[in-house]
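Hi,

Here is the structure I promised to send over.

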Amino acid sequence: MTKIIDNLQRIQQQIDEACKKVGRDPKEVTIVAVTKQVTTERAQEALAAGLQHLGENRPEPLLEKQETITEGAVWHYIGSMQTRKVRKVLDHIDYIHSLDRLSLAEEIDKRAKKIINCFVQVNVSGEDSKHGLTVAEVIPFIEQLSTFSHIRVVGLMTMAPNTEDETVIRNTFKGLKELQQTIAQRQYDHAPCTELSMGMSQDVAIAVEEGSTYVRIGTALVGLDG
(Lines give C-alpha, C1' and ligand atoms only; values in the text may rest on other atoms or scores of the structure.)
Protein backbone atom coordinates (compact mmCIF):
# COMPACT_ATOMS: atom_id res chain seq x y z
CA MET A 1 0.00 0.00 0.00
CA THR A 2 2.70 2.48 1.02
CA LYS A 3 4.53 1.90 -2.26
CA ILE A 4 1.44 2.63 -4.37
CA ILE A 5 0.80 5.80 -2.37
CA ASP A 6 4.42 6.87 -2.92
CA ASN A 7 4.20 6.05 -6.63
CA LEU A 8 0.94 7.97 -6.95
CA GLN A 9 2.44 11.02 -5.27
CA ARG A 10 5.42 10.94 -7.65
CA ILE A 11 3.22 10.58 -10.75
CA GLN A 12 0.83 13.26 -9.56
CA GLN A 13 3.80 15.58 -9.09
CA GLN A 14 4.87 14.90 -12.69
CA ILE A 15 1.35 15.74 -13.85
CA ASP A 16 1.19 18.87 -11.71
CA GLU A 17 4.54 20.13 -13.05
CA ALA A 18 3.56 19.39 -16.65
CA CYS A 19 0.26 21.22 -16.19
CA LYS A 20 1.96 24.22 -14.61
CA LYS A 21 4.38 24.38 -17.53
CA VAL A 22 1.55 24.79 -20.07
CA GLY A 23 -1.06 26.53 -17.92
CA ARG A 24 -3.43 23.61 -17.38
CA ASP A 25 -5.43 22.57 -14.32
CA PRO A 26 -4.19 19.18 -13.01
CA LYS A 27 -7.81 18.29 -12.25
CA GLU A 28 -8.31 17.95 -16.02
CA VAL A 29 -6.10 14.82 -16.00
CA THR A 30 -7.51 11.46 -14.91
CA ILE A 31 -5.11 8.69 -13.94
CA VAL A 32 -6.14 5.22 -15.10
CA ALA A 33 -4.29 2.63 -13.02
CA VAL A 34 -3.46 -0.20 -15.41
CA THR A 35 -3.97 -3.28 -13.27
CA LYS A 36 -3.76 -5.85 -16.06
CA GLN A 37 -0.54 -7.42 -14.74
CA VAL A 38 -1.31 -7.40 -11.03
CA THR A 39 -3.54 -9.29 -8.63
CA THR A 40 -6.97 -8.30 -7.38
CA GLU A 41 -5.34 -7.46 -4.04
CA ARG A 42 -3.01 -4.96 -5.71
CA ALA A 43 -5.96 -3.41 -7.55
CA GLN A 44 -7.75 -3.05 -4.22
CA GLU A 45 -4.66 -1.31 -2.82
CA ALA A 46 -4.82 1.14 -5.73
CA LEU A 47 -8.42 1.97 -4.87
CA ALA A 48 -7.52 2.35 -1.20
CA ALA A 49 -4.75 4.76 -2.20
CA GLY A 50 -7.37 7.06 -3.70
CA LEU A 51 -7.42 5.91 -7.32
CA GLN A 52 -10.80 5.22 -8.88
CA HIS A 53 -10.14 4.36 -12.53
CA LEU A 54 -8.77 0.88 -13.29
CA GLY A 55 -7.66 -0.42 -16.69
CA GLU A 56 -7.74 -4.01 -17.96
CA ASN A 57 -7.01 -5.44 -21.40
CA ARG A 58 -8.43 -8.97 -21.24
CA PRO A 59 -11.88 -10.25 -20.24
CA GLU A 60 -10.77 -12.97 -17.82
CA PRO A 61 -8.68 -10.82 -15.40
CA LEU A 62 -11.32 -8.09 -15.59
CA LEU A 63 -14.14 -10.39 -14.57
CA GLU A 64 -12.00 -12.08 -11.93
CA LYS A 65 -11.22 -8.75 -10.25
CA GLN A 66 -14.85 -7.71 -10.38
CA GLU A 67 -15.87 -10.76 -8.37
CA THR A 68 -14.14 -9.07 -5.43
CA ILE A 69 -14.26 -5.39 -6.39
CA THR A 70 -18.00 -4.87 -6.64
CA GLU A 71 -18.12 -1.09 -6.17
CA GLY A 72 -15.98 2.02 -6.09
CA ALA A 73 -14.17 1.47 -9.40
CA VAL A 74 -14.59 2.89 -12.89
CA TRP A 75 -13.48 0.24 -15.37
CA HIS A 76 -11.59 0.98 -18.58
CA TYR A 77 -10.99 -1.63 -21.29
CA ILE A 78 -7.68 -0.49 -22.71
CA GLY A 79 -6.58 -3.38 -24.91
CA SER A 80 -7.46 -4.32 -28.44
CA MET A 81 -10.95 -5.80 -28.23
CA GLN A 82 -11.87 -8.89 -30.21
CA THR A 83 -15.38 -8.70 -31.62
CA ARG A 84 -16.25 -12.11 -30.21
CA LYS A 85 -15.33 -10.96 -26.69
CA VAL A 86 -17.65 -7.94 -26.69
CA ARG A 87 -20.61 -9.78 -25.23
CA LYS A 88 -18.48 -11.04 -22.34
CA VAL A 89 -17.24 -7.66 -21.11
CA LEU A 90 -19.71 -5.01 -22.25
CA ASP A 91 -21.83 -5.00 -19.11
CA HIS A 92 -18.70 -4.78 -16.96
CA ILE A 93 -16.92 -1.73 -18.36
CA ASP A 94 -17.46 2.02 -18.37
CA TYR A 95 -15.00 3.04 -21.10
CA ILE A 96 -13.46 1.40 -24.16
CA HIS A 97 -10.14 2.90 -25.33
CA SER A 98 -9.73 0.81 -28.47
CA LEU A 99 -12.60 1.35 -30.91
CA ASP A 100 -10.86 0.95 -34.26
CA ARG A 101 -13.19 -0.71 -36.79
CA LEU A 102 -16.79 -0.77 -37.93
CA SER A 103 -17.34 -4.47 -37.15
CA LEU A 104 -16.43 -3.80 -33.52
CA ALA A 105 -18.73 -0.77 -33.37
CA GLU A 106 -21.59 -2.83 -34.81
CA GLU A 107 -21.13 -5.54 -32.21
CA ILE A 108 -20.96 -3.01 -29.36
CA ASP A 109 -24.10 -1.26 -30.56
CA LYS A 110 -25.92 -4.56 -30.95
CA ARG A 111 -25.01 -5.90 -27.50
CA ALA A 112 -25.02 -2.76 -25.35
CA LYS A 113 -27.79 -2.06 -22.87
CA LYS A 114 -26.52 1.44 -22.17
CA ILE A 115 -24.51 4.10 -23.95
CA ILE A 116 -20.84 3.07 -24.02
CA ASN A 117 -18.18 5.76 -23.76
CA CYS A 118 -15.58 5.02 -26.43
CA PHE A 119 -12.21 6.37 -27.45
CA VAL A 120 -11.39 5.87 -31.12
CA GLN A 121 -7.89 4.41 -31.38
CA VAL A 122 -5.63 6.24 -33.84
CA ASN A 123 -2.28 5.07 -35.14
CA VAL A 124 -0.81 8.55 -35.43
CA SER A 125 2.76 7.33 -35.92
CA GLY A 126 1.80 4.91 -38.70
CA GLU A 127 3.76 2.01 -37.21
CA ASP A 128 2.87 -1.44 -38.52
CA SER A 129 3.09 -2.84 -34.99
CA LYS A 130 0.29 -0.65 -33.67
CA HIS A 131 -3.48 -0.99 -33.90
CA GLY A 132 -5.73 1.91 -34.84
CA LEU A 133 -7.08 3.96 -37.68
CA THR A 134 -4.91 6.27 -39.72
CA VAL A 135 -5.43 9.96 -39.12
CA ALA A 136 -7.19 10.25 -42.51
CA GLU A 137 -9.63 7.47 -41.63
CA VAL A 138 -10.85 8.88 -38.31
CA ILE A 139 -13.41 11.52 -39.32
CA PRO A 140 -15.13 9.32 -41.96
CA PHE A 141 -15.25 6.51 -39.37
CA ILE A 142 -16.78 8.73 -36.70
CA GLU A 143 -19.37 9.99 -39.19
CA GLN A 144 -20.35 6.37 -39.87
CA LEU A 145 -21.17 5.96 -36.18
CA SER A 146 -23.90 8.61 -36.15
CA THR A 147 -26.70 6.03 -36.36
CA PHE A 148 -25.29 3.86 -33.56
CA SER A 149 -27.46 4.70 -30.56
CA HIS A 150 -25.28 2.99 -27.94
CA ILE A 151 -21.89 4.48 -28.85
CA ARG A 152 -20.62 7.84 -27.64
CA VAL A 153 -17.21 8.89 -28.90
CA VAL A 154 -15.82 10.78 -25.93
CA GLY A 155 -12.36 11.16 -27.40
CA LEU A 156 -9.34 9.73 -29.18
CA MET A 157 -6.57 7.40 -28.02
CA THR A 158 -3.05 6.77 -29.27
CA MET A 159 0.25 5.23 -28.23
CA ALA A 160 3.53 6.95 -28.93
CA PRO A 161 6.42 5.10 -30.59
CA ASN A 162 8.77 3.26 -28.24
CA THR A 163 11.65 5.69 -28.58
CA GLU A 164 13.72 8.04 -26.44
CA ASP A 165 13.34 10.78 -29.05
CA GLU A 166 11.08 13.26 -27.27
CA THR A 167 10.39 15.15 -30.50
CA VAL A 168 8.87 12.05 -32.10
CA ILE A 169 6.76 11.36 -29.00
CA ARG A 170 5.61 14.97 -28.73
CA ASN A 171 4.68 15.18 -32.41
CA THR A 172 2.58 12.02 -32.07
CA PHE A 173 0.62 13.49 -29.17
CA LYS A 174 0.39 16.88 -30.85
CA GLY A 175 -1.08 15.24 -33.96
CA LEU A 176 -3.79 13.53 -31.92
CA LYS A 177 -4.65 16.77 -30.13
CA GLU A 178 -5.05 18.61 -33.44
CA LEU A 179 -7.35 15.86 -34.75
CA GLN A 180 -9.40 15.88 -31.54
CA GLN A 181 -9.91 19.63 -31.78
CA THR A 182 -10.99 19.36 -35.41
CA ILE A 183 -13.61 16.75 -34.52
CA ALA A 184 -14.83 18.62 -31.43
CA GLN A 185 -15.38 21.75 -33.52
CA ARG A 186 -17.77 19.81 -35.75
CA GLN A 187 -20.07 19.30 -32.74
CA TYR A 188 -21.31 15.83 -33.61
CA ASP A 189 -24.11 14.83 -31.22
CA HIS A 190 -22.77 11.28 -30.95
CA ALA A 191 -19.12 12.30 -30.78
CA PRO A 192 -18.34 15.26 -28.50
CA CYS A 193 -14.70 14.09 -28.65
CA THR A 194 -13.50 16.28 -25.79
CA GLU A 195 -11.04 13.79 -24.28
CA LEU A 196 -7.58 12.47 -25.12
CA SER A 197 -6.29 9.12 -23.86
CA MET A 198 -2.54 9.27 -24.31
CA GLY A 199 0.51 8.91 -22.14
CA MET A 200 1.89 5.97 -20.17
CA SER A 201 4.56 5.51 -17.50
CA GLN A 202 7.47 6.59 -19.71
CA ASP A 203 5.89 9.59 -21.46
CA VAL A 204 3.20 10.89 -19.11
CA ALA A 205 4.67 14.38 -18.74
CA ILE A 206 4.92 14.97 -22.49
CA ALA A 207 1.37 13.67 -22.99
CA VAL A 208 -0.02 16.04 -20.36
CA GLU A 209 1.87 18.98 -21.84
CA GLU A 210 0.26 18.16 -25.20
CA GLY A 211 -3.28 17.98 -23.80
CA SER A 212 -3.94 14.46 -22.51
CA THR A 213 -6.94 14.11 -20.20
CA TYR A 214 -6.58 10.37 -19.45
CA VAL A 215 -3.17 8.84 -18.76
CA ARG A 216 -2.76 5.06 -18.51
CA ILE A 217 -0.15 4.16 -15.89
CA GLY A 218 0.78 0.58 -15.04
CA THR A 219 4.16 -0.52 -13.75
CA ALA A 220 5.23 2.90 -12.44
CA LEU A 221 2.10 3.03 -10.32
CA VAL A 222 1.02 -0.47 -9.27
CA GLY A 223 4.22 -2.38 -10.09
CA LEU A 224 4.32 -5.98 -11.28
CA ASP A 225 3.27 -9.21 -9.61
CA GLY A 226 5.32 -12.35 -9.80
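**Aromatic cluster and its strands**

Tyr 95, Phe 119 and Tyr 214 are linked into a cluster by ring pairs. Bear in mind that this is a predicted model.

Searching the whole structure gives 3 aromatic pairs. In one of them, the ring centres of Tyr 95 and Phe 119 are 6.3 Å apart with the planes at 35°, so this pair is tilted. It links distant parts of the chain: Tyr 95 sits in strand β4 (residues 95-99) and Phe 119 in strand β5 (residues 116-121), 24 residues apart.

Phe 119 also pairs with Tyr 214, this time edge-to-face, at 5.5 Å centre to centre and 75° between the planes. Since Phe 119 belongs to β5 and Tyr 214 to strand β8 (residues 214-217), that pair ties together parts 95 residues apart in sequence.

Phe 119 counts as buried because its relative accessibility is 0%, against a cut-off of under 20%. Tyr 214 is buried too, with a relative accessible area of 9%.

Now for the strands around Tyr 95. In β4, 5 of the 5 residues are buried, so the strand is largely enclosed by the rest of the structure. Strand β3 (residues 74-77) runs parallel to β4 and is joined to it by 2 bridges, and His 76 stands opposite Tyr 95. β4 and β5 are parallel as well, with 3 bridges between them; here Leu 99 stands opposite Val 120. From β4 the chain crosses through helix α5 (residues 102-111) to β5, in a right-handed β-α-β crossover.

Cheers

Methods:
Residues numbered from 1 in each chain as written. Predicted model: local features only at pLDDT ≥ 70, side-chain atom pairs only at ≥ 80, totals over all residues. Heavy atoms only, no water. Phe/Tyr/Trp six-rings, centres within 6.5 Å; stacked < 30°, edge-to-face > 60°. Helix = DSSP H or I, 4+ residues; strand = E, 2+ residues; numbered from the N terminus. Buried < 20%, exposed > 50% of the residue type's maximum accessible area, 1.4 Å probe, protein only. Pairing = 2+ DSSP bridges. Right-handed = clockwise from strand over helix to strand, strands pointing away.
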